[in-house]
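Subject: Structure handover

Hello,

Here is the structure for you to look over. My notes follow below it.

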Amino acid sequence: MKKNNNVLDEMQEEKLLKIEHNTMLIAQVGLLAAIAVQWVVYGPGTSHVFGECLVLLTMSLYMVFACVKNGIWSRKSQKPSAKTNVTISFAVSLVAALVTAAVSYARYHAWKGAIATFAVIFVAMFALYAVAFAVTSAVYTRRSRQLEQDADREEREE
Amino acid sequence: MAKNLEMKLARVRKDMTQKELADRIGVSRQTIHAIEKGEYNPTIKLCLKICWALDARLDDLFWEDEQDEEE
């Protein structure tokens, strides 16, 4: 007989999972907010937000790898869509570029500099996100196909 | 958890693939595969959907003796 050290029943276990899910959301949003506030207060750069960036990156990478490994794309769709990927890349890049340009203007009071910052950040982030989404979509599609093939093989063998 | 051979048999009797059963009840094929392999313990709601789709009863597909469950 297996030794079970977990004293929670199944309902308590499910509630704990929900609590942990909410805790992770708070941690992600909190880290983003902490990074944003420190960028506004101390200016752009990674030296004073290195720890926060590292934790956020680790959490995000774990989530992406775990989801891809288990054949999960999102709650809305089981298949990646180029249109959705481009839309999200555009929206995130736009917000990031606007925030960075606003911080730049607040610090240096130079319109041209702020516009240049906006353009550079927008293009760089859009390209980065588009590539990251394209690579992740391709890896996810391959992993999904592999899971399907494994299930097919096991179904035939049984 | 042991493999759910009763569910697999009921599905084969209905001449359905895992994918067809999954589509019928609105879950992924991976979920059906995991239930049949005994890797996932479905909720009672999902058990009922599977039973309705396979024209079976809960007892037929998901009953386990207490001793089997403890092992």
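Is Arg29(B) buried or exposed? Arg29(B) is buried, with a relative accessible area of 6%. Buried here means under 20% relative accessible area, exposed means over 50%, and partly exposed lies in between (1.4 Å probe, protein chains only).

Before the rest, the ground rules. This is a predicted model, in which local features need pLDDT of at least 70, side-chain atom pairs count only at pLDDT 80 or more, and totals for chains, interfaces and linings use all residues. Residues are numbered from 1 along each chain as its sequence is written, chains are lettered from A and ligands numbered from 1 in the order in which they are written, and side-chain values use heavy atoms, with hydrogens and water left out.

**The interface**

The area buried between chain B and chain A is about 1,000 Å². Carbon and sulfur atoms give 39% of that area. Buried area is the accessible area (1.4 Å probe) that two parts lose on being put together, summed over both. Lys8(B), Arg29(B) and Gln30(B) supply 46% of the area that chain B buries against chain A, more than any other three residues. The contact takes 11 residues from chain B and 10 residues from chain A. Contact means heavy atoms within 4.5 Å.

**Salt bridges**

The structure holds 8 salt bridges over all chains. The rule finds 3 salt bridges across the interface of chain B and chain A. A salt bridge is a side-chain nitrogen of Lys or Arg within 4 Å of a carboxyl oxygen of Asp or Glu.

Back to Arg29(B). Arg29(B) forms a salt bridge with Glu148(A), and the closest N and O atoms are 2.9 Å apart. That pair crosses between chains, from helix α3 of chain B to helix α4 (residues 111-157) of chain A. Helices are DSSP runs (H or I, at least four residues), numbered from the N terminus. Arg29(B) also forms a salt bridge with Asp152(A), again with the closest N and O atoms 2.9 Å apart. This pair crosses between chains too, with Asp152(A) in helix α4 of chain A. Glu148(A), Asp152(A) and Arg29(B) are linked in a network of salt bridges.

Glu154(A) forms a salt bridge with Lys37(B). The closest N and O atoms of Glu154(A) and Lys37(B) are 2.9 Å apart.

Inside chain B, the side chains of Glu36(B) and Arg11(B) meet in a salt bridge (2.6 Å, N to O). Glu36(B) lies in helix α3 and Arg11(B) in helix α1 of chain B, so the pair ties together parts that are 25 residues apart in sequence. Glu36(B) and Arg11(B) are buried.

**Helix α4 of chain B**

Helix α4 of chain B covers residues 44-54. Its buried residues are Leu46(B), Cys47(B), Ile50(B), Cys51(B), Ala53(B) and Leu54(B). Seen down the axis of α4(B), they fall within an arc of 165 degrees, so they line one face of the helix. The arc is that of the directions from the helix axis to the C-beta atoms. What covers these buried residues includes α1 (5-13), α2 (18-25), α3 (29-37) and α5 (58-62) of chain B. The face turned away carries the exposed residues Ile44(B), Lys45(B) and Trp52(B).

**Positive phi**

Just after α4(B), Asp55(B) takes a positive phi of about 50 degrees. Asp15(B), in the loop between α1 and α2 of chain B, has a positive phi near 60 degrees. Asp15(B) is exposed, at 67% relative accessibility. In chain A, His109(A) has a positive phi of about 50 degrees although it is not a glycine. His109(A) sits in the loop between α3 (82-108) and α4 of chain A. His109(A) is exposed, at 59% relative accessibility.

**Also in chain A**

Thr117(A) lies in helix α4 of chain A. Thr117(A) is partly exposed, with a relative accessible area of 22%. Leaving aside neighbours within four places in sequence, Thr117(A) is in contact with Thr100(A), Ala101(A) and Ser104(A).

Best wishes

Key. Helix = DSSP H or I, 4+ residues; strand = E, 2+ residues; numbered from the N terminus.
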